Amino acid sequence: MRIVASSPRALQLGITPGMGLADARAQLPDLAIFDIDRAADTTWLDRIADGCGRYTPMVALDGIDGLILDISGCAHLFGGETGLNADLTRRLQRLGMCVQSALADTPDAAHAQARHGRDIGAMSVEALELPPEDMVAMRRAGLKRISDLTARPSAPLAARFGEVATDRLARVAGGRDIRISPRRPEPALVVERGFAEPITHVAAMLASIEQLAGDAALRMQEAHRGGRRFEAQLFRTDGLVRSLRIETGLPTRDVPLLMRLFDERIAALNDPIDPGFGFDLVRLSVPLLEQLNPLQLPLEGGAVAEDEIARLIDRLSTRLGYGRVRRFTPQDSHIPEQAMLAFPAIELRPVSTWPAPEPGEPPLRPVHLFDPPQLIEVVAGVPDGPPRQFRWRRTLHEVMRAEGPERIGSLWWRRADNKGLSRDYYRVEDKHGHRFWLFRHGIYGREAANPAWYLHGLFA
């Protein structure tokens with residue numbers, strides 16, 4: 001058992017990360033310890049990263065306990081780089097965080113200064129975070145600080161310690177800038193509104209979102225575009241942020257529709273929105289834009305019907321969940337349970353047409369399939385013939401009419417190892433007019449000595 005992280009007071013008393021727990025308790029018997037929770041730490045770091053979105057969209061995770069912000073072009077909104085850093089530090093300290101921050105020209109330099117000290121030249125070579133064997137080799141060569149490395153030509157250093165070491169040195173001390181990869185891509189359209197006095201009522205927050213949606217709609221109209229994904233971010237004064245996300249099946253810039261979907265999203269929340277001491281910034285992002293030209297409606301009103309169906313799907317998906325409302329499309333497979341694909345109805349995908357039966361003929365496949373097929377007891381006139389009667393759910397069904405068999409072979413890669421059995425399907429009707437879809441699993445005498453029977457579906 002070892003110490004993973006220490007509070008500032010523990011560090012002052014010599015309790016450092018990496019120390020054995022027994023040694024720490026021997027040094028400080030009253031030491032308070034807590035089991036590490038990596039999942040909770042990750043969730044908390046993600047929440048802090050969301051809150052840092054008020055400063056810049058370019059936010060990247062830095063290990064398991066740090067963040068890197070690219071504030072190029074954003075600092076002037078907060079009174080300069082120092083003002084932005086002070087505002088960020090103050091908000092995090094309100095949350096009880098112990099903050100170590102630094103401003104530098106490159107991400108690696110800022111990382112090194114925040115973790116190893118302000119003066120780059122005075123830092124130990126451990127600030128380069130190279131493999132331990134390289135650290136040992138540098139110290140044996142008398143190179144203990146970054147300044148010892150920058151005072152020497154890069155070619156001999158690369159020859160002795162490798163190009164990775166010189167590259168890290170250039171990124172930390174030499175000004176080589178490596179662009180960060182933000183944890184979230186920058187949205188296509190962003191509108192926001194700040195408040196000198198934080199708002200504490202949900203109604204006022206929704207009114208702000210409606211105004212921002214109107215501004216976004218005007219900009220989308222000018223570009224002949226519509227949005228399919230919308231995210232409202234509510235930044236609290238204490239640094240936390242609450243997000244509301246909605247999605248539409250078709251591109252739109254209809255503000256009343258968007259507000260109805262936001263109302264549905266809020267009504268479906270398990271955790272009600274808590275404004276705390278108020279929201280001082282509301283931002284509306286449109287991550288996904290698509291072409292949306294003016295629509296000329298046909299006289300028969302077909303486009304209106306399609307639009308109403310799309311709006312119904314949007315509302316149900318927003319209230320019940322993204323994947324709860326599904327659409328089915330046929331797939332190219334002869335295996336019945338693999339002949340269709342269910343996907344969220346709100347997604348735009350090309351949907352193929354379903355195979356239609358011959359005119360006047362009943363459907364070849366039932367509307368409802370059991371997953372998995374249900375085992376039944378069957379009495380047949382001959383072993384490889386249609387069933388005469390079968391028992392399903394403790395009810396005996398006497399077969400009056402039967403049609404089949406329709407033989408469906410197993411997949412070829414399952415036949416190769418003798419694991420796949422053929423299926424002989426029958427459409428049967430009992431004396432009460434109920435119609436069933438049954439199959440015998442395995443060809444009698446060739447694939448199975450006593451094939452089992454299954455009920456796979458019910459006809460309407």
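Aspartate 50 is located in helix H3, which covers residues 38-51; helices (H or I, at least four residues) and strands (E, at least two) are DSSP runs numbered from the N terminus. The structure is a predicted model, in which local features need pLDDT of at least 70 and side-chain atom pairs count only at pLDDT 80 or more, while totals for chains, interfaces and linings use all residues. Residues are numbered from 1 along each chain as its sequence is written, and side-chain values use heavy atoms, with hydrogens and water left out.

**Aspartate 50 and its surroundings**

- Aspartate 50 counts as buried because its relative accessibility is 15%; buried means under 20% relative accessible area, exposed over 50%, and partly exposed in between, with a 1.4 Å probe and protein chains only.
- Leaving aside residues up to four places away in sequence, aspartate 50 touches Arg183, Arg184, Phe235 and Val241, where a contact means heavy atoms within 4.5 Å.
- From C-alpha to C-alpha, aspartate 50 and proline 198 are 19 Å apart in space, and they are 148 residues apart in sequence.

**Cysteines**

- A disulfide is a covalent bond between the sulfur atoms of two cysteines.
- The structure holds zero disulfides, a disulfide being counted as a pair of cysteine sulfur atoms within 2.5 Å.
- The closest cysteine sulfur to that of cysteine 74 belongs to cysteine 52, and because the distance is 12 Å, it is too far for a bond.
- Cysteine 98 is likewise in no disulfide, and its nearest cysteine sulfur, that of cysteine 52, is 16 Å away.
- Cysteine 74 is buried, with a relative accessible area of 13%, whereas cysteine 98 is exposed at 59%.

**The chain as a whole**

- The protein chain contains 13 helices and 14 strands.
- Its radius of gyration is 33 Å, whereas a compact globule of 460 residues would have one near 23 Å; the radius is taken over C-alpha atoms, and the globule rule is 2.2 Å times the number of residues to the power 0.38.
- Taken along the principal axes, the C-alpha atoms of the protein chain fill a box of roughly 95 × 60 × 50 Å.
- Of the 460 residues of the protein chain, 38% count as buried.
- Among contacts in the protein chain with a separation of 6 or more, 53% are between residues 24 or more positions apart.
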